[in-house]
Amino acid sequence: MLTSFTIVNQRLSPQEAPNAEETVWIDMLKPEAAEEDAVEALCGIDVPTPEEMQEIEFSSRLYQDDGASFMTAIVLLHTDKDDVLSSPMTFILAGNKLITLRFQEPRFFTAFMARAQKSAIAGITADSVLVTLLEACLDRLADIIERAAHDIDRLSVEVFAHSTDTKSGNRSGGPDYRGMLVQLGRKGDLLSDIRESLTTLDRLFGFLSLLATERRMDKDLRARIKTLGRDSRSLNDHLSFLSSKVNFLLDATLGLINIEQNAIIKIFSVAAVVFLPPTLIASIYGMNFGIMPELHWAFGYPMAIVAMIASAILSYLVFKGRGWL
């Protein structure tokens, strides 16, 4: 689908078809071959293929060709949940036109498109549209990071709070460590996806900062691009902190699981030792020798029972006294 915009009363206004004079922004969403050919003929560029957009080399994502500047970044979709999707998006500055090439519809993009058609934007140009789009993208990433940080703080409380709520999902009534591990793993995947997107954006901001001087962008736009670069680095630092916290919580959860498992094994070990003396007594008096002193003794059976109970109690008291229980 091909959508083009021109400027009417400092607002973006859709056009029926792009033209060389008035068009400021051309958005290509899953374009067909005929649409790609039309844009290439109008702007004198070679539209990158989906395979080229997926390439990870720096030179394949940020480059200039025939006077046009190509910038590809990874953007995130389905950001309301942890199972986000990533998709490449290419921004092309060709003369006084901005061309965006995408194959998905991230929320920040559609929200900006709707807002720019309703609200007046001072000094709107292809360059300002690009910078504003990137600001919206970075703001959305910041919101996702804030949500992830809140969820990680909540998980931290759950990991270290020894709840006795029987509705926690664990039949024993203790903390649901398995569920915590699953949630922490999802947060780790989410942070990894955010870092990938943020890294591509940070490189794009550096490239755009150099391009701003070449294109002689106004002072305000250059300042906004520098701010984008500082904000992306700041978010990257915060991501590093959150990743370290997730790894710490993973280690802590596994450690607590080991402690609980050791406690269970300890109980079985103590139980085995407590019942070992009674078992020994029962084994002795269960031997089928013809001559046994207590075989025909009237008090043999009750004395054996008493001896077994006494030995079990004595073993329990020894363990209790040494603090092993």
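Residues count as buried under 20% relative accessible area, as exposed over 50%, and as partly exposed in between (1.4 Å probe, protein chains only). Ile284 is partly exposed, at a relative accessible area of 40%. The model is predicted, so local features need pLDDT of at least 70 and side-chain atom pairs count only at pLDDT 80 or more, while totals for chains, interfaces and linings use all residues. Residues are numbered from 1 along each chain as its sequence is written, and side-chain values use heavy atoms, with hydrogens and water left out.

**Salt bridges**
- The structure holds seven salt bridges, each a side-chain nitrogen of Lys or Arg within 4 Å of a carboxyl oxygen of Asp or Glu.
- Asp153 pairs with Lys245, with the closest N and O atoms 2.5 Å apart. This pair links distant parts of the chain, 92 residues apart, with Asp153 in helix α5 and Lys245 in helix α7 (residues 219-274).
- Asp153 is partly exposed at 39% relative accessibility, and Lys245 is partly exposed at 21%.
- Asp151 forms a salt bridge with Arg147, the closest N and O atoms lying 3.8 Å apart. Asp151 is buried at 13% relative accessibility, whereas Arg147 is partly exposed at 23%.
- Arg224 forms a salt bridge with Asp220; because these two are four residues apart in helix α7, about one helical turn separates them. Salt bridges that share partners join Glu135, Asp220 and Arg224 into one network.

**Helix α8**
- Ile284 lies in helix α8 (residues 276-284); helices are DSSP runs (H or I, at least four residues), numbered from the N terminus.
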